[in-house]
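Subject: Structure handover

Hi,

Here is the structure I promised to pass on. Please open it alongside this message, and my notes follow below.

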There are 2 protein chains.
Amino acid sequence: MKDIAREANVSVALVSYVLNGKEKESRVGKEVSLKIKRIAKELNYEPNYLAKSLRSGKTQTLGLILADISNPFFANIARIVEDEARHNGYTVVIGSSDESALKSSNLMDVLINRQVDGFIIISSEKSEKQISYLIDKNIPFVLLDRYFPELQTNQVSIDHYRSAFDAGKHLADNGYRRIGFIAYQSKLHHMQERVKGYTESLKDTGLAFNKKWLQKINIHHIEDEIKTAIDVMIAGDDRVDAIIFATYSLAVNGLKYIDKLGLKIPKDIAIVSFGQAEGFDLYYCPITYIWQPMDELGKNAVDILIKKIRDPKQEIKQILLESKLMARESSERK
Amino acid sequence: MKDIAREANVSVALVSYVLNGKEKESRVGKEVSLKIKRIAKELNYEPNYLAKSLRSGKTQTLGLILADISNPFFANIARIVEDEARHNGYTVVIGSSDESALKSSNLMDVLINRQVDGFIIISSEKSEKQISYLIDKNIPFVLLDRYFPELQTNQVSIDHYRSAFDAGKHLADNGYRRIGFIAYQSKLHHMQERVKGYTESLKDTGLAFNKKWLQKINIHHIEDEIKTAIDVMIAGDDRVDAIIFATYSLAVNGLKYIDKLGLKIPKDIAIVSFGQAEGFDLYYCPITYIWQPMDELGKNAVDILIKKIRDPKQEIKQILLESKLMARESSERK
DNA sequence: TAATATTGCTTAATCGATTAAGCATAAACC
DNA sequence: GGTTTATGCTTAATCGATTAAGCAATATTA
């Protein structure tokens with residue numbers, strides 16, 4: 001800008017006005033205005049966004065905190081968020097928390113220091129405090145997929161309870177009688193809701209519940225624990241005839257083990273899983289899954305966040321989207 | 001900093017010196033130094049990185065340009081790059097180019113305006129000019145996975161030629177005689193190299209080459225074109241008895257169609273594919289794949305880039321890593 | 001014609017840091 | 001005791017923008 005000003009024989013103030021389209025309000029002469037624009041183009045002027053941001057207090061950058069960008073579910077979300085943000089003139093910085101509250105807290109600190117304008121967060125267990133901190137500090141954010149029922153926050157997610165309920169109901173309707181559920185060992189509300197949806201579906205359809213059938217896996221030891229879990233579920237006379245996986249990762253690992261055991265789907269065990277990814281398409285038996293409106297989830301999160309950033313007085317928005325059970329062969333009628 | 005200075009009854013300069021550990025060089029008194037640190041902690045001081053960056057000209061931010069973050073290969077790389085960067089105090093901004101030179105150019109402009117310190121780029125076709133631009137502007141960057149042989153650049157990739165050669169050799173050694181190759185229709189050097197590695201492996205093993213067996217797919221129409229490609233390859237008496245897929249995405253789509261045709265692997269067709277992902281683990285027949293040292297690829301790229309950023313005089317580094325053919329059932333001896 | 005309004009531009013403060021240069025005062029030296 | 005050196009701190013410029021306030025010159029109005 002200084003160079004342009006010198007070249008045009010005007011002050012940098014004029015340059016700033018012109019290049020920001022404020023020539024009217026700031027009463028810039030027509031000729032000078034054109035001259036400045038011409039010179040700016042000649043000199044190939046590109047604004048320095050750091051300086052702009054320092055002045056304005058806005059970086060046009062969003063922080064996206066998720067568990068692991070290399071997981072297909074999160075990678076999908078990330079892509080949608082990225083595109084929607086870019087359409088709105090925002091850049092996204094992504095950070096993986098590995099489901100650890102500590103890591104996500106460190107990430108948040110880094111991003112706050114870098115002055116992101118707001119956050120989209122797929123929360124980790126025990127990270128309520130971080131959320132409260134954001135509320136206290138008046139930093140705009142939206143919770144995606146997971147939320148804390150005790151906190152009043154912007155949030156976008158599917159109806160986890162309903163999704164799991166539908167899965168259980170679907171299996172019951174198709175003649176399965178001993179339906180198991182494999183979830184994460186987690187206090188996160190969305191996981192609790194999925195478990196609740198499952199148990200309620202059994203009640204609703206008059207099916208028995210057996211605590212052997214509900215297995216909870218430590219998210220950091222999926223590979224090991226899922227084997228034990230499945231072993232327990234398929235042992236004895238009251239062995240399950242169907243399993244619902246609460247996440248895609250659980251399903252991938254579970255199916256691998258089921259294959260290893262030589263069990264056939266759906267003959268030996270029917271399967272329904274949360275999440276969609278190409279893995280299921282390559283499986284010999286197309287897996288019934290709970291489809292989530294990824295596009296809407298991501299876009300809504302971004303839009304709500306940006307609105308909140310632009311107008312801090314925006315009231316809280318809580319969006320619950322519908323999932324769809326996509327019935328395929330893995331759960332076909334018995 | 002101003003607040004701390006006021007509270008401590010000193011100038012902001014002193015505060016800056018102390019908080020940057022320069023009390024020795026700047027001859028700051030011991031008591032004052034402690035006082036400043038104490039007050040900084042009390043006031044919960046967090047530096048503003050925008051201001052720091054504006055002053056220093058460094059943002060401690062790297063731009064990562066890849067084709068599509070929702071593709072497992074890229075998502076994997078992204079995760080490794082993210083972690084390695086964070087360990088070194090850098091933040092990563094990711095952008096998806098959809099293999100389009102235009103999009104990647106726009107992305108680059110945005111990120112340059114945001115003053116990223118350097119780029120890691122998984123190049124798109126026809127993006128040589130952008131690379132030349134970076135060279136001209138002296139902006140540090142490293143090309144990952146793909147590079148332009150006519151340009152002198154920092155680069156990290158596997159030996160694409162060798163990898164494809166190994167794949168062809170492996171199939172030939174295992175008794176397959178009519179080996180096909182499905183690649184992208186692309187001028188990108190890494191793809192050309194893969195094709196060359198394939199054709200050379202045929203020559204080397206004395207096998208016939210049939211142009212029907214080498215199919216090139218438009219990257220934006222994989223799903224449609226792969227069907228035609230496979231149809232052509234398996235038609236007539238000279239039908240292939242093995243197929244090498246040049247990328248994971250090609251393999252996923254190809255395998256789906258092969259399943260649909262009712263062909264059995266490896267009985268009807270043997271398969272070798274580039275890339276690894278959980279999809280292959282769920283497939284009924286474990287797929288032989290070319291393993292890439294993702295970790296080394298990502299880490300090397302980050303390390304080279306950061307070194308170059310810190311010392312612009314660093315000479316050009318070109319790293320060629322070895323891939324490994326992981327033989328599994330899909331290509332077992334005929 | 002004198003007072004007022006408009007036009008076109010400049011000055012300078014500001015965002016939040018860093019850092020060279022300079023200014024007292026105290027300590028060391030001959 | 002006077003000069004030199006060391007110590008401890010402040011001042012002010014700087015990074016690259018934005019923007020309120022102000023100053024002339026010209027145009028409009030009564």
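A word on naming before the details: helices (H or I, at least four residues) and strands (E, at least two) are DSSP runs, numbered from the N terminus. This is a predicted model, in which local features need pLDDT of at least 70, side-chain atom pairs count only at pLDDT 80 or more, and totals for chains, interfaces and linings use all residues. Residues are numbered from 1 along each chain as its sequence is written, while chains are lettered from A and ligands numbered from 1 in the order in which they are written.

**How the two chains are related**

Chain B superposes on chain A through a rotation of 180° with 0.0 Å of shift along its axis, at an RMSD of 0.1 Å. That is the relation of a two-fold axis. Within chain B, the residue that comes closest to the rotation axis is G279(B), with its C-alpha at 2.0 Å.

**The contact between the chains**

Two residues are in contact if their C-beta atoms, placed from the backbone, lie within 7 Å. On that basis the contact takes 34 residues from chain B and 34 residues from chain A. On the chain B side, two or more residues come from each of α4, α5 (72–87), β2 (91–96), α6 (101–113), α11 (248–260) and α12 (278–282). The largest share, six residues, is that of α5(B). By class, this side of chain B divides into 17 nonpolar, nine polar and eight charged residues. Here Ala, Val, Leu, Ile, Met, Phe, Trp, Tyr, Cys and Pro count as nonpolar, Asp, Glu, Lys and Arg as charged, and the others, Gly among them, as polar.

Helix α5(B) deserves a look of its own. A residue is buried if 20 or more other C-beta atoms lie within 10 Å of its own, exposed if 12 or fewer, and partly exposed in between, with C-beta atoms placed from the backbone. In α5(B), 12 of the 16 residues are buried, so the helix is largely enclosed by the rest of the structure. Among them are F73(B), F74(B), R79(B), E82(B) and E84(B). Just after this helix, G89(B) takes a positive phi of about 80°.

A residue is near a strand if its C-beta atom, placed from the backbone, lies within 6 Å of it. DNA strand C is surrounded by 23 residues, and the closest are A13(A), G29(A), A13(B), S16(B) and A51(B). The elements giving two or more residues to that surface are α2 (12–19) and α4 (49–56) of chain A, together with α2 (12–19) and α4 (49–56) of chain B. The residues there divide into 13 nonpolar, six polar and four charged.

DNA strand D also has 23 residues around it, the closest being A13(A), S16(A), A51(A), A13(B) and G29(B). Its surface has 14 nonpolar, five polar and four charged residues, and the largest share, five residues, comes from α2(A).

Which residues of α10(A) are buried? They are I226(A), A229(A), I230(A) and M233(A). These cover an arc of only 95° around the axis, which puts them on the same side of α10(A); the arc is that of the directions from the helix axis to the C-beta atoms. They pack against β6 (179–184), β7 (214–217), β8 (242–245) and α11 (248–260) of chain A. On the other side of the helix, D224(A) and D231(A) are exposed. The C-alpha atoms of D224(A) and N253(A) are 9.4 Å apart, although 29 residues separate the two along the chain.

**Backbone details to check**

- The peptide bond from I265(A) to P266(A) is cis, with omega near 5°; P266(A) lies in the loop between α11 and β9 (270–274) of chain A.
- I265(B) and P266(B) are likewise joined by a cis peptide bond, with omega about 0°.
- N44(A), a residue other than glycine, has a positive phi near 60°. It sits in the loop between α3 (30–42) and α4 of chain A and is exposed, with 6 other C-beta atoms within 10 Å.
- Q60(B), also not a glycine, has a positive phi near 55°. Its place is the loop between α4 and β1 (61–66) of chain B, and with 19 C-beta neighbours inside 10 Å it counts as partly exposed.

Best wishes

How values were computed:
Copies are superposed by least squares on the C-alpha atoms of residues with pLDDT of at least 70 in both.
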